[in-house]
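Take a look at the chain below. This report walks through it step by step, from a single contact to the whole fold.

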Amino acid sequence: MAVTNSAGTGRSHGSAVGTGAFAAVVLVAVCGSPAYVDWAAANTDPAGAGGWFLRLLAWPAWRFGVGEGSG
């Protein structure tokens, strides 16, 4: 007997790929922000597992500014 989805309910919930991409964008936007990066550098212990993980989340750091990095 074949399993079918005649109601079509699977299409309205989105996809796992879309959900994963959204989660990645949110993590980069929040954990890569200058405020979080500065906080993680100042308030975590790099020798501990928790501090290492919080600093790892700050890796995709981003900044916007005029004249930074040019020259």
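## A threonine in a loop

A polar atom of the Thr44 side chain lies 2.4 Å from the backbone oxygen of Ala40. The model is predicted, and the distances here are computed from its atoms.

Where is Thr44 found? Thr44 sits in the loop between helix H2 (34-43) and H3. Is Thr44 buried or exposed? Its relative accessibility is 13%. Buried means under 20%, so Thr44 counts as buried.

Thr44 also reaches along the chain. Its side chain joins that of Arg55 in a polar contact of 2.9 Å. Thr44 and Arg55 are 11 residues apart along the chain, and their C-alpha atoms are separated by 7.6 Å. Neighbours within four places in sequence aside, Thr44 is in contact with Trp39, Gly51, Leu54 and Arg55.

## A serine in another loop

Now turn to Ser33. Ser33 has its place in the loop between helix H1 (16-31) and H2. Its relative accessible area is 16%, so Ser33 is buried.

Which residues does Ser33 contact, leaving aside neighbours within four places in sequence? They are Val28 and Trp62.

In soluble globular proteins, nonpolar side chains tend to be buried together.

Which residues make up the largest nonpolar core of this chain? Cys31, Tyr36, Val37, Ala40 and Ala58 do, so the core has 5 residues. H2 gives the largest share of this core, with 3 residues.

Tyr36 is one of the core residues. Residues up to four places away in sequence are not counted in what follows. Tyr36 touches Val30, Cys31, Leu54, Leu57 and Ala58. Among these, Cys31 and Ala58 belong to the core.

## One salt bridge

How many salt bridges does a search of the whole structure find? The search finds 1. In this salt bridge, the side chains of Arg63 and Asp38 meet, at 3.3 Å from N to O. The pair links distant parts of the chain. Arg63 is in the segment after H3, Asp38 is in helix H2, and the two are 25 residues apart.

Asp38 has a relative accessibility of 43%. That falls between the limits of 20% and 50%, so Asp38 counts as partly exposed.

## A nonpolar patch on the surface

Some nonpolar side chains lie on the surface. Trp52, Phe53, Leu56 and Trp59 form a nonpolar patch there. Together they have about 550 Å² of accessible area.

Phe53 is in helix H3 (residues 49-57). Its relative accessible area is 45%, so Phe53 is partly exposed.

## The whole chain

Read along the sequence, the pattern is α-α-α.

The chain has 71 residues, and 13% of them count as buried. Its accessible surface comes to about 5,800 Å². Carbon and sulfur atoms hold 67% of that surface.

What share of the contacts with a separation of 6 or more comes from residues 24 or more positions apart? In this chain, such residues account for 42% of those contacts.

How values were computed:
Residues are numbered from 1 along each chain as its sequence is written. This is a predicted model: local features need pLDDT of at least 70, side-chain atom pairs count only at pLDDT 80 or more; totals for chains, interfaces and linings use all residues. Side-chain values use heavy atoms; hydrogens and water are left out. Patches are made of residues with over 30% relative accessible area and no salt bridge: like charges are joined within 9 Å, nonpolar side chains (Val, Leu, Ile, Met, Phe, Trp, Tyr) within 5 Å. Accessible areas come from the Shrake-Rupley method with a 1.4 Å probe; for residues, only the protein chains shown count as cover. A salt bridge is a side-chain nitrogen of Lys or Arg within 4 Å of a carboxyl oxygen of Asp or Glu. Helices (H or I, at least four residues) and strands (E, at least two) are DSSP runs, numbered from the N terminus. Buried means under 20% relative accessible area, exposed over 50%, partly exposed in between (1.4 Å probe, protein chains only). Contact means heavy atoms within 4.5 Å. A polar contact is a pair of N or O atoms within 3.5 Å; within protein, one must be able to donate a hydrogen and the other to accept it, and residues adjacent in sequence count only if both atoms are side-chain atoms. A nonpolar core is a set of buried Ala, Val, Leu, Ile, Met, Phe, Trp, Tyr and Cys residues joined through side-chain atoms within 4.5 Å.
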